[in-house]
Amino acid sequence: MIAAAFRPFAVRTLQSVSHMVRFLSQDSSGSHRSPKPGVKNPDTIFDKIIKKEIAADLIYEDEKCIAFNDISPQAPVHFLVIPKQKIDKLENSTTGHVELLGHLLHVAGQLGKSKAPDGFRLVINNGENGCQTVYHIHLHVIGGRQLGWPPG
């Protein structure tokens, strides 16, 4: 039953869309900078992907999250799992987010096992010094080769 729920599905993505996603994720909309205190979070590239305004190479979707291949993979397997509910940074999550965060980890684990059965790494960047570039929490699932330690 669980295996069927995590069966990947394909979504056609054009090469030009990948370039567009990369451009939009680096634009001046503020999506790549930490939101200023007291300022409502602007839409990020991930919000636009969730709303289907921008195409992505989706590998999984349910009512709480989506997963899609990274446009700049750092290993043979590199995809992101993001919640549909926006949380800008892990440090700003609340106890009300515990179930959602657990769901993200579960989905990442099941997809990681299917795509990188020999092992994978989960990464959550938090804040500027943590190399977070999109302020909508997301899990990087990276694998498909031997990874080094320490990272970065």
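What follows is a conversation about the terms used for this structure and the values behind them.

Tutor: This is a predicted model, in which local features need pLDDT of at least 70 and side-chain atom pairs count only at pLDDT 80 or more, while totals for chains, interfaces and linings use all residues. Residues are numbered from 1 along each chain as its sequence is written, and side-chain values use heavy atoms, with hydrogens and water left out.

Student: How do you know which part of the protein has pLDDT under 50?

Tutor: The pLDDT is the predictor's confidence in each residue, from 0 to 100. The mean for the protein is 81, and 72% of its residues reach 70 or more, but over residues 1-32 the value stays under 50. Where pLDDT is low, the predicted coordinates should not be read in detail.

Student: What makes up the secondary structure of the protein?

Tutor: Helices (H or I, at least four residues) and strands (E, at least two) are DSSP runs, numbered from the N terminus. The protein comes to four helices and five strands, and along the sequence they follow the pattern α-α-α-β-β-β-α-β-β.

Student: Why are S1 and S2 said to be joined?

Tutor: Two strands pair if DSSP finds at least two bridges between them. Three bridges join S1 to S2, which run antiparallel, so the pair meets that requirement. One of the bridges is between Tyr60 and Ala67, the latter in S2, and the two strands form a hairpin with three residues between them.

Student: What is the order of the strands in the open sheet, and why do S1 and S4 stand at the edges?

Tutor: The order is S1-S2-S3-S5-S4, with antiparallel pairing. Strand S1 (58-61) and strand S4 (120-123) each have a single partner strand, so one side of each is left without a neighbour in the sheet. The twist averages 20° from one strand to the next. S4 pairs with S5 (residues 139-143) in the antiparallel sense over four bridges, and Phe120 has Gly143 in S5 as its bridge partner.

Student: Which helix packs on the sheet, and what does it touch?

Tutor: Contact means heavy atoms within 4.5 Å. Helix H4 (residues 98-115) touches S1, strand S2 (65-69), strand S3 (77-83), S4 and S5. The direction of H4 makes about 160° with that of S3, where axes are lines fitted to C-alpha atoms, for helices over the stretch in contact, and angles run from 0 to 180 degrees between N-to-C directions.

Student: Why is Cys65 called buried, and why is Cys131 called exposed?

Tutor: Buried means under 20% relative accessible area, exposed over 50%, and partly exposed in between (1.4 Å probe, protein chains only). Cys65 has a relative accessible area of 0% and is therefore buried, whereas Cys131, with 56%, is exposed. Lys52, with 46%, is partly exposed.

Student: How many disulfides are there?

Tutor: A disulfide is counted as a pair of cysteine sulfur atoms within 2.5 Å, and by this rule the count comes to zero.

Student: What makes a set of residues a nonpolar core?

Tutor: Such a core is a set of buried Ala, Val, Leu, Ile, Met, Phe, Trp, Tyr and Cys residues joined through side-chain atoms within 4.5 Å. The largest one here has 18 residues, of which Ala67, Phe79, Val81 and Leu111 touch the most other members. The elements giving two or more residues to this core are S1, S2, S3, H4 and S5, and the largest share, six residues, comes from H4. Apart from this core lies another, of twelve residues, including Ile54 and Val134.

Student: Is Gln132 buried or exposed, and which residues does Gln132 touch?

Tutor: Gln132 lies in the loop between S4 and S5, and with a relative accessible area of 4% Gln132 is buried. Not counting residues up to four places away in sequence, Gln132 touches Asp88, Lys89, Asn125, Asn126 and Gly127.

Student: What is stated about phi for Lys52, and what kind of peptide bond joins Trp149 and Pro150?

Tutor: Most residues other than glycine have a negative phi, and most peptide bonds are trans. Lys52, in the loop between helix H3 (45-50) and S1, has a positive phi near 65°. The bond between Trp149 and Pro150 is cis, with omega about 0°.
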